[in-house]
Amino acid sequence: MGSPPRCGRARATRIISSSRTSGRAGAAPIALIGHLDTVFPPGTFEGFKKDGDLRRGPGVLDMKGGLVVVAWALRALAATCGFADAAPIRLVVVADEEVGSPEGQGILKAAIAGAGGALVFEAGRKADAIITRRKGTGGMTAVAHGKAAHAGNNHKEGANAIWALARFVDRIQNLTDYDRGITVTVGKVSGGAGEEHDPDRAEALVDLRFVTRADGEALVRGVEEAAREAAAGVPGTRIELEGGIARFPLERTDASVALMHAYGAAARSSGLGESEAPLIGGGSDASTSSALGIASIDGLGPRGVGFHTKDEQIEFATLLSKAQALARFLASR
């Protein structure tokens, strides 16, 4: 993979089956995080192809390319400095990131607790910008219950669940605050059997995005209050809520900025950019590591475009330079 990082004695040790290295005594561990899954169903992931300086296909950007970067960086480190003289490494690759890491979050928490920093290898951004901020995410299902009644014969006896749900939707959409990076989206509404009946059940799916943990927690409370108010406005109805915060945000801290600069120095030495990316709207496993109080940076995979499309593509040469940057960073810790 080109010129190896400059470091101490050439001494390699084996990565043990638990994906941990013992490393240098007293050094804080470094977590390297990735995921195996893609957004594509079976039969769609196929289609990898070479196209000049590009590599194309579903999943090459998010995030098979990032896994290649990690693998080759570790191979370079093993062949040069060895793991014994570097900081201990905690390598974690989950299989459910694209659905919020429902099981992966627990695996991550157990594997990287106490780490001094976390590097996440989601798709690289334009000019190699390093991600220090991501919005938190949440999802809720609201189910309105009422009382069915025929619209012609006994309309007065009904309690319209759709009406209660409509009042709820109007209230929560107004919780959106663009200046604070808070958004509420009702993405699907269903219910009722036809125009001649007061419906006894209706359902809405709700997406939540927020920039700070405090705002996320306040947003969930706001949705709960909106459900109570909406149901109170339609006698005979009630609204039940399921879900809540799925991922807390990746928040920028002094420690994560220091980590960004340390990695950025290695990136610069490898011919890469080292700027800071703007706020990213979607979450990642960096959100989990950050919520543990671990300084976290993201977007360290190869450069590319086409996130979550069948034409994902990466700049092939950046596999090498990103792997070099990671190897240099690990050797310097």
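Arg134 is a charged residue tucked away from the surface: this arginine counts as buried, with a relative accessible area of 5%. The model is predicted, so the values here are computed from its atoms. The side chain of Arg134 meets that of Asp298 in a salt bridge, 2.8 Å from N to O. Arg134 sits in the loop between E5 and E6, while Asp298 sits in the loop between E12 and E13, so this pair ties together parts that are 164 residues apart in sequence. Is Asp298 buried or exposed? With a relative accessibility of 0%, Asp298 is buried.

Arg303 and Asp128 form a salt bridge through their side chains. Arg303 belongs to the loop between strand E12 (296-297) and strand E13 (304-305), and Asp128 to the loop between strand E5 (117-120) and strand E6 (136-145), so the pair ties together parts 175 residues apart in sequence. Asp128 is buried, at 6% relative accessible area.

Arg303 has a further partner in Glu315, again through a salt bridge between side chains. Glu315 lies in strand E14 (residues 313-315), twelve residues away from Arg303. At a relative accessible area of 31%, Glu315 is partly exposed. Which residues make up the network of salt bridges that includes Arg303? Its members are Asp128, Arg303, Glu315 and Lys322. Across the model, the count of salt bridges comes to 17.

| Salt bridge | N to O distance |
|---|---|
| Arg134 and Asp298 | 2.8 Å |
| Arg303 and Asp128 | 2.8 Å |
| Arg303 and Glu315 | 2.9 Å |

Now for the nonpolar side of the picture. In soluble globular proteins, nonpolar side chains tend to be buried together. The largest nonpolar core in this model holds 41 residues, and those touching the most other members are Leu32, Leu119, Phe121, Tyr263 and Leu330. Two or more residues come from each of strand E1 (30-35), helix H1 (60-79), helix H5 (254-269) and helix H7 (317-332). Which element gives the largest share? That is H1, with ten residues.

Apart from neighbours within four places in sequence, Leu330 is in contact with Ile30, Leu32, Leu74, Leu77, Ala86, Ala87 and Ile89.

Conventions:
Residues are numbered from 1 along each chain as its sequence is written. This is a predicted model: local features need pLDDT of at least 70, side-chain atom pairs count only at pLDDT 80 or more; totals for chains, interfaces and linings use all residues. Side-chain values use heavy atoms; hydrogens and water are left out. A nonpolar core is a set of buried Ala, Val, Leu, Ile, Met, Phe, Trp, Tyr and Cys residues joined through side-chain atoms within 4.5 Å. Buried means under 20% relative accessible area, exposed over 50%, partly exposed in between (1.4 Å probe, protein chains only). Helices (H or I, at least four residues) and strands (E, at least two) are DSSP runs, numbered from the N terminus. Contact means heavy atoms within 4.5 Å. A salt bridge is a side-chain nitrogen of Lys or Arg within 4 Å of a carboxyl oxygen of Asp or Glu.
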